[in-house]
Amino acid sequence: MTAPRSWNRLPYVAPEAIHALTQRTAVVPESLPRPLLAYGNGRSYGDVCLTEQGTLLLTRGLDRFIEFDPQRGVLRCEAGVTLGEILTLVVPRGWFLASTPGTRLVTVGGAVANDVHGKNHHAVGSFGHHVRALELWRSDGSVIECRPENDNRWLSATIGGLGLTGLIRWVELQLMPIQNPWMWVESQRFGNLDEFWALNQRAESCWPYTVAWIDCLAKGNAQGRGILLAGQHASAQTELPTFKEGSKRFPFDPPFSLVNGLSLRAFNTLYYRQPVTPQGSLTHYVPYFYPLDAIQDWNRIYGRRGFYQYQCVIPPREAEAATAALLDTISRRGEGSFLAVLKTFGHKPSLGMLSFPRPGTTLALDFPNRGDKTLGLLEELDAIVREAGGTLYPGKDARMSATLFQSGYPQWEAFNDYVDSSFSSRFWQRVTS
Amino acid sequence: MNSLKRVIVFGATSAIAEYTARQLVAQGASLYCVGRNRDKLMALIDDLKVRASDHQHIDGEVADLTDSGQHAHLIDTAEQVLGGIDGVLIAHGTLPDQQACQADAAKTRQEIEINALSVINLLTLLANRLEQQRHGVIAVISSVAGDRGRQSNYVYGAAKGMLSIFLQGLRNRLVKASVDVVTIKPGFVDTPMTAEFDKSGPLWAKPEQIAKGIIKAMQKGKGEVYLPWFWWGIMLIIKHIPEAIFKRMSL
C-alpha cells in the first residue's frame, strides 16, 4: 500500500487502512478502523488530510455529476469531482465557478472543507458563499441535507470544517455567468510595498480579480516589489484567439531541493523584469487562474524532503507594518519562494466557524524543508503574525502550535460539538491537544 | 472508421465501462446502459445526462445478465430507444475468488456462467442482428488472464479464454458482413476497487486510458487489442514459456 500524501509531501504518515469510496450511497463498512477522514485529490498541505490512526476514505471515486440547470447555473455533483472537471463541463455552456483557488485539481468536497478562496474574494467572498446545499453523512448512519435557508448550523460547521463533521457526499453550487472562456487582464509593476498598497486599493475598487506576486528576497527600498494582476471575465467578443492547453510533468524526485538561494534570486528577478501589460490583454482562463497546473507534480521540485507552505492573514490595521516585518525576516534569511502571493481579503464575513478568510491581508509563501533552520524561520514569522492578531491557514499548515490555532479560531470549542465522534485528522489532534 | 453514435453498454457501472461511456458521450454518442446495481446505474445515467447535449439520448435499465431470458428484450428496447445500433460494449463480469472456486464446483460453474456463458448468449443474439444490418462493431472486455492458465486465477482465465476464442470465430464470420468484433485485453487497471494494491509499478494503467484505447479500437475495427499496448509483449513471452517449465512457476 502506498500511503496517500499531502501536496507539500510532509509530514509522511500512513493510516492504518485506506478505503476507496465508489458510490455515494454505499455503506462505510463498520469493520474499518476508526477514526475516519476523507481524502480527496491530495492538494491540501500539511496534515488536514492525513491521519496516523484509522482509515482514510478516498473520495476521488465519487466523481459523478448529479444535476445541472443550465438556465440558472446550478450544479449538483458528488464530492470527489474536481473543480477542473466542473469547468470542462460548464465553461462551454457559459458558466464559471463563482470562487476558485489557484489550482483546479482540488475536489469540490475539499474546496468546501477548507473554505477555499480566490483572487475575487474582495468581491464575492469565499467558496462557501456559493454553496447552495450539501449532504453530510454522519457515522451514526444519519444523513443531513444542509442548506443556508434551513437550519444552517451544520452548514457553518461543515464549510471550512476540515472534513471533521462527517463525510460530504454531494455539493450543490451556484455558478456565475460568463460570455466566453477568456479573461481581460492588466498587469502592473510596483517598486515596493508602499506602491503596492496604493495600487491594490485602486485595483480592488474596479476589478473583480486582483492578486500580486512579490519578490520576497528584495531588500531596502525595493522591499515588496512585484507585479499586480487585475482581471475580469472578458465581455462578448466578435473574435477570440485560440488556446491550446499544454501539459508538462516534473519527471523525478531530486535528492535535494532545486529551489535554493541562487535559483530563487534569478527566478524572482527575471519574473519581476517580465514585460507587463498595463494597457490590458486577453488571457485564457486556464493560464490566468491555474498557471501551476500546467506542470504536473510541480511539488517534486522541492526534492524528497518536501516543503512548507506558509499562508497567514493579518488584520487591516496591522497589515502594512506586519507585512513589512514578515518580508524583512524572510529576506534577511535569504529563504523564500518562487511565488510569494499577496492579496487583500474583502469584508464579507465567512460562513464557516473555522473559515480562514477574514478582513485583512494574506501572504502565501513556500519554503523548502531544511529541517530546524526552516522551522526556526517559521516560528519567527509566527511571532509577527500573533503579535498582529493574525492567523494561519489550516489547509496549508503542517506545524502551527495549538496556541496559535486556538487564538486565531476562537470558535474552535463550539465547533467541537459538531465534530463527528468517528472522524479526526492528524491536524485536529495536533491543534486541540 | 466505425461511427459510434448509438451504443449499448452492458455492465455499464464497471469502472472501465463508466469512463468509456463518459468519453463516448463527450464525442456525441447516445447510449443505452445496462447494469445490475440500481443505485450505481441511476447515478451513472444522471451523470451522463448532465454531460450530454440536448440532442443526445441517454437511457438504460437494471438487469442481471446471468438471466439470459432477458437478453433479447434488452437488445430490442435499446435498439428502439436509440433508433438503431452502431456499437456494443460488453463489460460485465466478476473477479472470482480462486480459492473459493477450488473448494466448490458449483461456485466454479457460476463464475464461468457469469464471465463466459452470459456473454456468449448476448453475442449470439447481437451477432445475428448486426450481421443482418451489415454494419456495426461489438467490443468485449476479455483479459490477459485468458491467454494462459495460471494457478492463481485459472477459473477466471478459463472463462476469459473461452470468450477470446469465441470472439475469434465470430470476427472471422462477421467480417463478410462488415461487422467488426473487438477483443479487449486489459492488464492491471487502477480502479477504485484496487485501491488497496501498491500501484507504484509501471504496469498499472488508469481506467481513463483504457477507455480511450477501447474507443479507438472500436472506431478502427481492430481485432485483438492489449491495453496498454505493452501487455502484448508481456503476454507473448508468457505464452511461449514451455509448459514443462511453466507448470513449476508461480505467477
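**View 1. A positive phi in the hairpin of β4(A) and β5(A).** A:Gly73 takes a positive phi near 70° in this hairpin, where four residues lie between the strands. As with everything shown here, the model is predicted. If you want to find the two strands quickly, β4(A) covers residues 65-69 and β5(A) covers residues 74-78.

**View 2. The pairing of β4(A) with β5(A).** These two strands of chain A run in the antiparallel sense and are joined over four bridges. Look for A:Phe68, which has A:Leu75 of β5(A) opposite. Strand β4(A) is mostly covered, with four of its five residues buried.

**View 3. The contact between chain B and chain A.** Here you can see 20 residues of chain A meeting 18 residues of chain B. Together the two chains bury about 1500 Å², and 51% of that lies on carbon and sulfur atoms. A handy reminder: interface size is often quoted as the accessible area lost when the parts come together.

View 4. Two salt bridges link the chains. For one of them, zoom in on the side chains of B:Glu18 and A:Arg64, which meet at 2.7 Å, N to O.

**View 5. The side of chain B that touches chain A.** Two elements, α1 (15-26) and α2 (38-51) of chain B, each give two or more residues to this side. Helix α2(B) has the largest share, with eight residues. By class, this side of chain B holds nine charged, seven nonpolar and two polar residues.

Notes. Residues are numbered from 1 along each chain as its sequence is written. Chains are lettered from A and ligands numbered from 1 in the order in which they are written. This is a predicted model: local features need pLDDT of at least 70, side-chain atom pairs count only at pLDDT 80 or more; totals for chains, interfaces and linings use all residues. Side-chain values use heavy atoms; hydrogens and water are left out. Buried means under 20% relative accessible area, exposed over 50%, partly exposed in between (1.4 Å probe, protein chains only). Two strands pair if DSSP finds at least two bridges between them. Contact means heavy atoms within 4.5 Å. Buried area is the accessible area (1.4 Å probe) that two parts lose on being put together, summed over both. A salt bridge is a side-chain nitrogen of Lys or Arg within 4 Å of a carboxyl oxygen of Asp or Glu. Ala, Val, Leu, Ile, Met, Phe, Trp, Tyr, Cys and Pro count as nonpolar, Asp, Glu, Lys and Arg as charged, and the others, Gly among them, as polar.
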